[in-house]
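Here are some notes on the model we discussed. Please read them with the structure open.

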Amino acid sequence: MIQDAQDIVVFDRVQKSYDGETLVVKDLNLGIKTGEFLTMLGPSGSGKTTCLMMLAGFEPATHGEIYLNDKPINKVAPHRRNIGMVFQDYALFPHMTVTENLGFPLKVRKFRKSEIEAKVKRALDMVRLPEFGGRRPGQLSGGQQQRVAVARALVFEPDIVLMDEPLGALDKNLREEMQYEIKHLHEELGVTIVYVTHDQSEALTMSNRIAVFNDGVIQQLASPSVLYEQPENRFVAQFIGENNRLHGRVKSVEGQHCHVDLDGGGTIRALNVRVEGAGVRTTLSLRPERVIVACQEGEVDNRIVGRVEELIYLGDHIRARLSVSGTEEFVVKIPNTDRHSALREGTDVNLGWAAEDCRALDAPAEVAEPA
Amino acid sequence: MRWLLSSTIVAAGVALAAGSAQAVDLTIVSWGGAYTASQQKAYHDPYMAANADVNIINDDNAAEGLAKVRAQVESNNVTWDIVDMVAADAITACDEGLIMEIDPDTWLAPAPDGTPASEDFFAGTLSPGGTNCFIPQIVYSTTFGYRTDAFEGDQPSTIADVFDMEKYPGKRSLERRPINNLEWALLADGVAPADVYATLSTDEGVQRALAKLDTIKDQVVWWTKGAQPPQLLADGEVVMASAYNGRLFSAIAEKNQPIAMLWDRQVFDLDGWVVPVGVKDLEAVKAYLYFATDTQRLADQAKFISYGPARYSSAPLVGNHADLGIDMKPHMPTDPNNAATIFDFDYVWWADHRAELDEVFNTWLAK
Amino acid sequence: MSTAADDTLRTADGVPLKTSLRRATARRRVRTFLLVVPILAFLMVTFVFPVVDMMFRSVDNQIVSSVLPRTTLAIQSWDPGSEELPPEFVYEALVLDIQESFKDKTLGRAGRRLNYEKSGVMSLFRKSGRRAKRITEAPFKDQVLAIDERWADLETWQLIHQESSALTESYFLSAADLRVDYKGEISWKAEERRIYLFLFYRTLWMSGLITVFCLLLGYPIAFLLATLPPRHSNLLLILVLLPFWTSLLVRTTAWIALLQSEGVLNDLMVFLGFISDDGRLQMIHNKIGTFVAMTHILLPFMILPLYSVMKTIPSSYMRAARSLGASPFTSFVRVYMPNTVPGIGAGCILVFILSIGYYITPALVGGRTGTFISNIIALHISETLNWGLAAALGVILLALVLLLYFLYDRIVGVANMKLG
């Protein structure tokens, strides 16, 4: 891999195996830019946490090299890497007060006492806990502990901060609040953050770039909007946001586009993303909010009839589940305007979408050819 | 509360006893191991064979006998029927009123020739220390054994040799208490046997005994359980050890260890039966004791262990070892060849001085 | 709370709310109480009664006044400081008491009790019991003096005077190597009889050192147990618990076979040429034996509380400390170890308390220099039957444990202790 001049971290052909039989991380190449917020997103067991631990120095890479500031760090002990880390369980030291926790990284770096005090105070102000320095972690709420953990990872001004699912233990409201807070800290301080999560909405909210992991391989590395709008493969499309899938066989390819015969009947014009040529199987991916309900003839490229199975009223929008071309799980989101009033459960409705919104991706291997 | 508790326990015990009125359980407490085995073969088995309704339960807690008898008697919950005790403990228990007084001629069988029991048991053994709660079974002795491979030339033969580190170098083992050790030290130091207790009654005498013990103090392994000294000798840990003669016999004759007896100034002691005050079924206890202490039974025990029966009439009946077939008579502490220089142990003197000399001895030991 | 009836909170049908609540919870409280009744009764019978009984025995002195009721009453009028023997009526009381108690077989108990304070009283009483039968009329004093000259010894009478009361401090004094005379003056015992304080001291410092050994050996094992993957740690845990499955005597005997001068370890060292055959090391029947055997026996009691505390320390603490810039050593000392303090405290208290109470092992392997105060207590319980002194020694030991526990609470805090 060619290193980008502004990459602070580079994974160069990194492989990791715990048991010598299976690879948890397969041939990882990744550059992390200085000052960016990069999220490693993926289901559990996808290798994302292992990558983080290799970067932190708690797991050795089985093969390959990791560079930090252009220097190989495979042989550098964790405490010499100058990397801040926020743990899932916060890992605040229960026998120390908040001030002592924050002072710990400074103390081991032999800072002067007055300097430690000043830095700790600034860090507490930064996370809006100036009054809490004398307390012990056990006397803080979950959100407060989280903020202290973040402050401790930042107080010694590391080159890079790693966060391992730091919001997993918080309830939903607090989690959202903390997402913004961490995002703002990142913007204010300009520190490089590598963030690991399995929550795609968290990743979309906070990141500059997201690396989607599955099966030890980065499936796609892109900004949140690109990931959402233009998933490169079926896994990414499925993992990020809600997604309708239609299976079929490519009939013809015309430059950027292709025509697909659906297994359940009908032919769809779609954007050719991962189709190698006519005759191969493909999965069409289509976001629910891009489907036009009660669409008129000629309004968009594709038009197909669906039967309304279920309507769920969600306030700002209505969620409709329909049977379309053999699948009963076709979901459409309809803004709460007067168009939805036409829908009744059990009735048929015309659906349509633009070819640009429908992406022809790889087909799952396990789906058997219909007879 | 204590009264309530113990009466409840007694009531429960009565209820249990009533439930099994037919069979008689006798709990007999002894020392366990080879000694209980010899009693089982010589006393218990024949008695149960003759009395089908009697069931004898062995309890091996005689080492704790004195304390447990006291605890049982004080809480009015006597579960032991007959207890094997050494004479010194029986004196203490009798003084404390914990065990029953015995009338030898009604409790015990006469000799085959009609001599009443009070005259057939060795003189004085029925009333050690002036008490009369004790029925002797055996005479045992605490004496010395030495390793036959430890010394070239002369082998140790007198008590003075035990203290002679130059002629007989090597570790010794002595019991961890003042009794016997202080006497032997004075005897080795030249005090006449008759003057030993008079000497020990003065502070100077005690210091003289301890000074003699000082000459071997660094070379002594102190034992607390009777099984230890034969083992120490067998392992070669020590070259000489005081021990119960029966234990030494077992190591020599049954286990063929290179050990020999040093009988000089052996100290006789008695081991026998006592009956706790408040025993549940006195008649059953008396019936057993009448049988188990008769002339033949006491002689029988010597077939299994080398302790001398405490009756004059038993001595001629002592035969051969049940398994080894060797004549047991020369291995008895009472055999004239062994008993030429026995030392007369004074129970009464020790009852007076034990408390004080325990402190003195343990202080000396610790320093 | 208001006293005005109108202010009282009431339920819908007018019952005061507090009364109603009490009724509602009464059933539950009764049920809770019934659940603990068996264990409470069990503890009373097996623990509280014996301890209270032991404490009482350490001061109980009724035996003298109950066996010699007339004498102890009559002698109150006599001044023990006077240089004269008690008057005739005291001897008369003595004769009546001795005759009666000799018949009841209780005289020996008083004799043994007084013999603890003065050697020879035992035989004096026994002799007098047999001879006093013949004394039926005055003059009593002359006839008693004729039985034994010790009745003319002022010390004998001073002792009876001194031990007339129902409670005595002499067991406690004796347990502290002290004695009290008839004037109530307390002084040290003769130097060659001062043994108990020395043994208390030895018990405490040796137990302390055994605790330190257990901590030094147990801490790494507990750390391994807590950090190894379960497959290995389970096996290790079984190895740690293995000693519990063998009897104490067997383990102690095994140490003797290993450590004695003709034992396995010495044989091996001679074979390897480390020591000569004549220079075999004495590793048992002395302090070393006690240290080794006791440390081995008590090690699990240190490991288990440590393990149970360490198991709850997340691995992320050490990682966090490392990521914050601390070396492995600093991380361990500054972050991991402070979090194991509750386990260290619990393990040390447990091992120390068990250690000062052990007596079988020190008796078998401690020889002359490695035995504990508990060995003396055992001697007085089972051999000399001096339960009063044994109880006083036990109470002092108990007080020492409570004192150490109190100090521990002040320094570390008992709430900070975790037994698992």
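This is a predicted model: local features need pLDDT of at least 70, side-chain atom pairs count only at pLDDT 80 or more; totals for chains, interfaces and linings use all residues.

The points below take chain A as a whole and then turn to the domains of chain B.

1. Chain A, overall. Chain A contains eight helices and 20 strands. Its C-alpha trace extends over about 75 × 45 × 35 Å along the principal axes. Of its 371 residues, 40% count as buried. Among contacts in chain A with a separation of 6 or more, 64% are between residues 24 or more positions apart.

2. Chain B, domains. Chain B is split into domain 1, covering 2–138 + 271–331, and domain 2, covering 140–269 + 341–366. Taken over C-alpha atoms, the centres of these two domains of chain B are 29 Å apart.

3. Domain contact in chain B. Domain 1 of chain B contributes 16 residues to the contact and domain 2 of chain B contributes twelve residues. On the domain 1 side, helix H4(B), residues 87–95, gives the most, with three residues. That side of domain 1 of chain B consists of eleven nonpolar residues, four polar and one charged.

4. Helix pair. Two packed helices are described by the angle between their axes and the distance between the axes. For H4(B) and H15(B), the latter being residues 347–366, the angle is about 65° and the axes are 11 Å apart. The crossing of H4(B) and H15(B) is right-handed.

5. Residues at the crossing. Which residues of H4(B) meet H15(B)? They are Ala87(B), Ala88(B) and Ile91(B), and their partners in H15(B) are Tyr347(B), Trp350(B) and Ala351(B). The contact of H4(B) with H15(B) has six nonpolar residues, with no polar and no charged ones.

Key
Residues are numbered from 1 along each chain as its sequence is written. Chains are lettered from A and ligands numbered from 1 in the order in which they are written. Helices (H or I, at least four residues) and strands (E, at least two) are DSSP runs, numbered from the N terminus. A residue is buried if 20 or more other C-beta atoms lie within 10 Å of its own, exposed if 12 or fewer, and partly exposed in between; C-beta atoms are placed from the backbone. Two residues are in contact if their C-beta atoms, placed from the backbone, lie within 7 Å. Domain bounds come from an automatic or database domain assignment. Ala, Val, Leu, Ile, Met, Phe, Trp, Tyr, Cys and Pro count as nonpolar, Asp, Glu, Lys and Arg as charged, and the others, Gly among them, as polar. Axes are lines fitted to C-alpha atoms, for helices over the stretch in contact, and angles run from 0 to 180 degrees between N-to-C directions. A crossing is left-handed if the near helix is turned anticlockwise from the far one by less than a right angle, and right-handed if clockwise.
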